[in-house]
Amino acid sequence: MNNILMIEVSPRGADSASRSVADTLAARLGDLYPSARLVRHDLAVEHLPHLDDVTLRAITTRDPAEASRLKEAARRSDQLTDELLQSDLLVIATPMWNFGIPSVLKAWIDLVVRPGRSFQYSNGSVVGLAKDKKAILVLASGGVFTEGPWRAWDFVEPYLRQILGFIGITDVQTLRVEGMNIPALAADAVPKANKAVADLAL
Ligand SMILES: Cc1cc2nc3c(=O)[nH]c(=O)nc-3n(C[C@H](O)[C@H](O)[C@H](O)COP(=O)(O)O)c2cc1C
């Protein structure tokens, strides 16, 4: 394990359940892999750009002259994609917002899921280019989505697994911090997830 990339999303700082569990995970990873490089991105403060016309052109053009002219517009996406491709382990710690992922995480995904860099089409099917990586999802939610009537409302884990699989990352484990808005479950949710960190296959 040489490179660990951790993407954190919640703007709630010390109150954030997903960040708290991500900290526990970072500590375990630090113990297991003391020489690994850990890069942490705080998307709540980084304000990644949404794709605009010029960035979209810059990261999708097949014309080398245009690519060279638009190099600067592709810079942020290039950096983030390089980081992802160089990582051995990707950690995404995110809240559920309105049953899906916060838009800042979608902005990161839009900047790193790139044709020719992280996926390509070959003979009519897609080939993920982000090979030989594991991912861990730390997912915090007010409700419970692993069982019960709200299960079908979870557009976080299915989406993240699908989009990671699309770019070639299929070894994905999930840590749930759920029930944060349910008084009977809230107090135990973070300690339970912290305990689950110890059981992860790393
Ligand atoms: C804007 C917003 C939207 C939310 N939407 C949902 C939701 O759709 N379903 C849910 O179970 N919880 C929802 N919650 C609750 C959060 O998922 C919960 O508070 C979680 O702990 C947030 O993660 P964090 O503690 O890492 O910030 C929402 C919270 C906010 C602030």
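I took rings of Phe, Tyr and Trp (its six-membered ring) as a pair if their centres lie within 6.5 Å, with planes under 30 degrees apart counted as stacked, over 60 as edge-to-face and the rest as tilted. The model is predicted: I required pLDDT of at least 70 for local features and 80 or more for side-chain atom pairs, while totals for chains, interfaces and linings use all residues. Residues are numbered from 1 along each chain as its sequence is written, and side-chain values use heavy atoms, without hydrogens and water.

**Aromatic pairs.** By this rule I counted six aromatic pairs. I looked up Phe 119 and Phe 166: their ring centres are 4.6 Å apart and their planes stand at 50°, so the pair is tilted. This pair links distant parts of the chain, 47 residues apart, with Phe 119 in strand β4 (residues 119-122) and Phe 166 in helix α7 (residues 157-166). Helices (H or I, at least four residues) and strands (E, at least two) are DSSP runs, numbered from the N terminus.

**Ligand shell.** I found 17 residues around the ligand, each with a heavy atom within 4 Å of it. Ser 10, Arg 12, Ser 16, Ser 18 and Gly 143 come nearest.

**Polar contacts.** I searched for N or O atom pairs within 3.5 Å. An oxygen atom of the ligand lies 2.7 Å from a polar backbone atom of Gly 143, and an oxygen atom of the ligand lies 2.8 Å from one of Ala 17. A ligand nitrogen atom is 2.8 Å from a polar backbone atom of Asn 98.

I noted that the protein covers 77% of the 630 Å² of accessible area that the ligand has on its own (Shrake-Rupley method, 1.4 Å probe).

Terms used. A polar contact is a pair of N or O atoms within 3.5 Å; within protein, one must be able to donate a hydrogen and the other to accept it, and residues adjacent in sequence count only if both atoms are side-chain atoms.
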